[in-house]
Amino acid sequence: MEVSLVTILLLALCLSCLLLLFRGDGRGTKARLPPGPQPLPFIGNLPHLDAKNIIRSILALSKQYGSIFTIHMGSRPVVVLCGYQTVKEALVDQGEEFSGRGDMPVLFRFTQGNGIAFSNGEKWKILRRFAIQTLRDFGMGRRSIEERIQEEAQCLVEEFAKTKEPFDPTFLLGCSVSNVICSIVFGDRFDYKDQHFLTFIGLINDNFRLFSSPCAQMYNIFPHVMYYLPGPHNQIFANFEKLRALVKEMAKAHQATLDPSCPRDYMDSFLLKMQQEKEDPLSFFHDDTLIMTTHNLFFAGTETLGTTLRYALLILMKFPKVTAKVQEEIMKVIGSQRSPSITDRAKMPYTDAVIHEVQRFADIIPMGIPHALTRDTHFQGFFFPEGTNVLPFLHSVHRDPTQFKSPDAFDPAHFLDGNGAFRRRDAFMPFSAGKRLCLGEALARMELFLFLTTLLQRFTFQPTCPREQLDLSPLMSGIGSVPRPYAFRALSR
Ligand code: HEM
């Protein structure tokens, strides 16, 4: 085994060097990519990128090379965009050109470009449009889904109220946000002890953790080598096969009770579309795209929200004066008797500003998700051929000193004007910007407001250590930024 692994690595090394020799460094004769650190054969800029703190490495490079530069992931060049102005000029002003999805080999191995998040071209446009329309039909950003979130927030309050000892809220928060997606996609919520539900969210959590692991990063850089190597990255593919089987089971149960005149949820609507287009050989609606789009909605919509809520509660414990002001606003506008409603948000500028500032400060997808050029493009004096990979470094937008007065501090005033009214900021990009803008933004913003106000209406959260010791820096920062684990007591108000 040892010998064969070494042989494979050597072969891969030779092959990559040959590829480099024949293809140059990816900047073919036409391409004029921005300068960056000198890449080494095979490993590219690996020595410049600290796998444990890739954010710091990219920040350091931006100090040296400015707001646009090229790094090499192995032999693949990736253009990094930094700061509000450059990211906006690309994703918004030249939105169509920058709307392709870049390479993430670790994900491609199981998506095969079949979902929304990792597809391109017509397939992406059609599947994205269908998902947005169907989510709207089932109430995303509207009243019917608001009632579902309110119900789920009450279930969460009941679970919190049962706790007698300090606890880590990760599991319960994860269950409640997953249940909101479940009710849209599968038509129903699950009990927090339901075995199917627990397996499903367990697999998604496990994969989210594994995606940020060094092994997954190595897979993205050296897919052809890592494909053959043992290691934790293989668990991602094993987990995915289990997820695929679970979604197939759900689809079968839906198919058996499907009423074409009355689709109950996203899955019913997709199955009906498959039926309508079954004679069309060019249709994008088939088993694989059903499984991948379902996976996308869960994957993109649960960990992101669970992590943001977990960060929010940690930040609120760290800043009790901010929490007290939010609770004061809750009492003034909503009181203690009725459930918060989305129409309250317009009357609660301070709470709205705090939630925006939590998202800016927590910055849970710091590197964005890679984009790719959909056609040959001139940008800021450079020339990017079609397919060039681009990384919109969202962290640098959220920490841009030209946009935020004290970018490294948590300060709700970033989103308030001099009169205490809510102030929108263009450099607020936790959901990214342009044509690939997160399609769950409206749902996510609704959930964040309703879950947080419901929890703060009912509880005050007491940390298990002195507040000064609460550390807001992320535990790890790769594809996702994850807060350090903590526990609290939920004291009823
Ligand atoms: C706080 C919560 C959330 C955050 C911070 C977030 C953030 C993001 C970001 C940064 C992207 C990448 C956009 C780009 O490529 O430039 C994205 C894409 C996406 N998000 Fe979200 N998201 C959240 C919640 C959700 C929810 C609730 C859903 C599902 C209903 C969802 C579904 C998606 C999908 C399907 C994509 C891929 C879009 C595409 O490639 O066209 N997200 N999200």
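Glutamine 112 counts as partly exposed because its relative accessibility is 46%, where partly exposed covers the range between buried (under 20% relative accessible area) and exposed (over 50%), taken with a 1.4 Å probe on protein chains only. The model is a predicted one, in which local features need pLDDT of at least 70 and side-chain atom pairs count only at pLDDT 80 or more, while totals for chains, interfaces and linings use all residues. Residues are numbered from 1 along each chain as its sequence is written, and side-chain values use heavy atoms, with hydrogens and water left out.

Although glutamine 112 is not a glycine, its phi is positive, at about 50 degrees, and the residue lies in the loop between α4 (105-111) and α5 (121-137); helices here are DSSP runs of H or I with at least four residues, strands are runs of E with at least two, and both are numbered from the N terminus. Phenylalanine 42, another residue other than glycine, has a positive phi near 70 degrees and sits in the loop between α1 (2-23) and α2 (54-65). Phenylalanine 42 counts as buried because its relative accessibility is 13%.

Within helix α7 (residues 170-185) one finds serine 178, which counts as buried because its relative accessibility is 2%. Leaving aside residues up to four places away in sequence, serine 178 touches Phe197, Ile201, Phe298 and Thr302, a contact being heavy atoms within 4.5 Å.

Turning to the ligand, 25 residues surround it, and the closest are Arg128, His371, Ser432, Arg436 and Cys438, with a residue taken as near if one of its heavy atoms lies within 4 Å. The iron atom of the ligand has Cys438 (SG), at 2.3 Å, as its only protein donor; donors are N, O and S atoms within 2.8 Å of the metal (3.2 Å for Na, K and Ca), and sites may look incomplete because water is not among the atoms. Cysteine 438 belongs to the loop between α16 (394-398) and α17 (441-458). Ligand oxygen atoms also lie 2.7 Å from a side-chain N or O atom of histidine 371, 2.6 Å from one of serine 432 and 2.8 Å from one of arginine 436.

In a regular strand the side chains alternate between the two faces of the sheet. Strand β8 runs antiparallel to β11 (residues 488-492), to which five bridges join it, and two strands pair if DSSP finds at least two bridges between them. Phenylalanine 461 has alanine 490 as its bridge partner in β11.

Note on methods: A polar contact is a pair of N or O atoms within 3.5 Å; within protein, one must be able to donate a hydrogen and the other to accept it, and residues adjacent in sequence count only if both atoms are side-chain atoms.
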